[in-house]
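Hi everyone, thanks for coming. Let me put the structure up on the screen, and then we can walk through it together.

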Amino acid sequence: MSPDAARRIALAAQGFADPRPGAEPGRRQLRRVLDRLRVIQLDSVNVVVRAHYAPLFARLGAYDRELIDAAAWTHSARRPRLLVECWAHEASLVPVEDWPLLHSGAKPRGWWRHYGRIADAEPGLVEDVLAVVKELGPVGAGTIERELTGPVARTPGTWWERSDVKKVCEWLFGIGVLTTGSRRGFERLYDLSERVLPPEVLHRTVDVRTAARQLVERAARAYGIATEPDLRDYYRLSPEVTRRAVADLVADGVLEPVRVETWRATAYRHVAARTPRRVAGRALLCPFDPLVWERKRTERLFGFRYRIEIYVPESRRVHGYYVFPFLLDGALVARVDLKADRAAGVLRVQGAFAEPGVERDRVASELLAELGVMASWLGLDEVGVGERGDLAAELRRL
């Protein structure tokens with residue numbers, strides 16, 4: 001198939017071929033996005049808005065952020081929790097029912113696995129952390145540290161190292177004994193997983209091969225069309241596990257191998273993927289949006305080379321600190337370096353750059369309109385445009 005057809009498949013799978021809801025989105029629209037994406041990445045950077053809020057804004061427009069807060073961090077008999085935190089792509093929110101798949105052994109343990117050495121050497125520390133969480137949870141790591149390392153430590157005669165307490169919390173979170181019961185601001189408040197997850201989820205066991213197959217199928221459905229490395233990256237699975245799962249899904253007729261012109265590797269199309277004739281609409285994509293988080297795939301799909309420059313020294317940044325690609329009618333046509341100046345009530349466009357060959361007047365007009373929607377959603381009064389970038393002057397004029 002043509003690269004254009006592959007791009008339309010990918011956009012439809014991610015929800016960009018559907019119009020945004022006319023009325024203010026509710027829980028039903030939220031669930032529809034979550035069912036598609038399956039993974040909402042978390043990140044601490046708050047220069048515009050926390051990363052987990054942005055993918056829903058890109059697909060739904062202005063929505064009440066309390067929707068996702070309630071889905072992830074509150075629970076009631078009338079409205080059970082929809083999402084739970086664990087390691088998926090990175091630290092992420094995933095549907096509650098996917099928890100057993102990610103703790104089945106199909107996904108390799110992450111960087112926190114090295115903290116298992118502390119747990120092995122100091123089993124008493126693990127017991128003490130769990131005792132504090134059981135008594136006080138949901139509770140932050142800082143409070144746990146104070147309980148176990150302060151002048152009147154909870155365990156008589158024990159002086160645990162503060163850093164070791166945090167590391168053990170991360171390890172227990174990684175292996176699924178603890179999860180996030182709630183958040184205070186962006187601080188993770190740990191709780192026992194058994195108090196957060198329903199028993200039928202917590203105690204469901206899935207063998208590695210079945211779990212890998214289901215995770216890769218979810219990735220394939222979310223992407224529509226993807227190479228094996230693309231599918232592997234969605235949940236950060238190992239190559240051997242992913243290749244076997246892809247082979248199983250091809251044999252079962254769930255994935256169809258296809259050749260996309262200009263792609264070097266074989267692609268796999270999910271049988272449920274649709275190919276719209278055209279994709280219309282616009283969206284601002286944060287650096288952690290699933291459509292663009294795998295940079296090689298972004299370049300392959302859109303001819304758009306994208307790098308996050310947060311950790312690049314300012315003098316060496318090309319486009320800016322926190323850059324949002326701008327999607328318009330199925331193409332990535334521009335990028336903007338954004339900052340929410342909350343004190344001044346301004347969404348600041350610190351740099352604006354058009355892609356080669358785009359119709360700049362229309363791109364600037366549509367971009368400014370979307371920036372206005374974003375500013376209003378964030379509770380900011382206006383949009384302010386700086387001078388960096390070849391699109392900045394046109395935005396200022398408008």
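So, to start: what percentage of the 398 residues of the protein chain count as buried? The answer is 56%. Please keep in mind that this is a predicted model.

Let's look at the overall build. The protein chain holds 17 helices and 14 strands. Its C-alpha atoms fill a box of roughly 70 × 55 × 45 Å along the principal axes. How does that fit with a compact globule? For 398 residues, such a globule would have a radius of gyration near 21 Å, and this chain has 22 Å, so the two agree.

Next, contacts. If we take those with a separation of 6 or more, 64% are between residues 24 or more positions apart.

Now to the inside. The largest nonpolar core has 88 residues, and the members that touch the most others are Val48, Leu231, Tyr234, Tyr235, Tyr322, Phe324 and Met374. Helix H12, residues 208–223, gives this core its largest share, with 8 residues.

Let me zoom in on Val48. Leaving aside residues up to four places away in sequence, Val48 touches Tyr322, Phe324 and Met374, and also Leu338, Lys339, Ala340, Arg342, Leu347 and Leu378.

As for charge, we have 62 positive and 54 negative side chains, with the centres of the two sets 3 Å apart.

That's my tour, and I'm happy to go back to any part of it.

How values were computed:
Residues numbered from 1 in each chain as written. Predicted model: local features only at pLDDT ≥ 70, side-chain atom pairs only at ≥ 80, totals over all residues. Heavy atoms only, no water. Core = buried A, V, L, I, M, F, W, Y, C linked by side-chain atoms within 4.5 Å. Buried < 20%, exposed > 50% of the residue type's maximum accessible area, 1.4 Å probe, protein only. Helix = DSSP H or I, 4+ residues; strand = E, 2+ residues; numbered from the N terminus. Contact = heavy atoms within 4.5 Å. Rg over C-alpha atoms; globule rule 2.2 N^0.38 Å. Lys, Arg positive; Asp, Glu negative; His and termini not counted. Charge placed at Lys NZ, Arg CZ, Asp CG, Glu CD.
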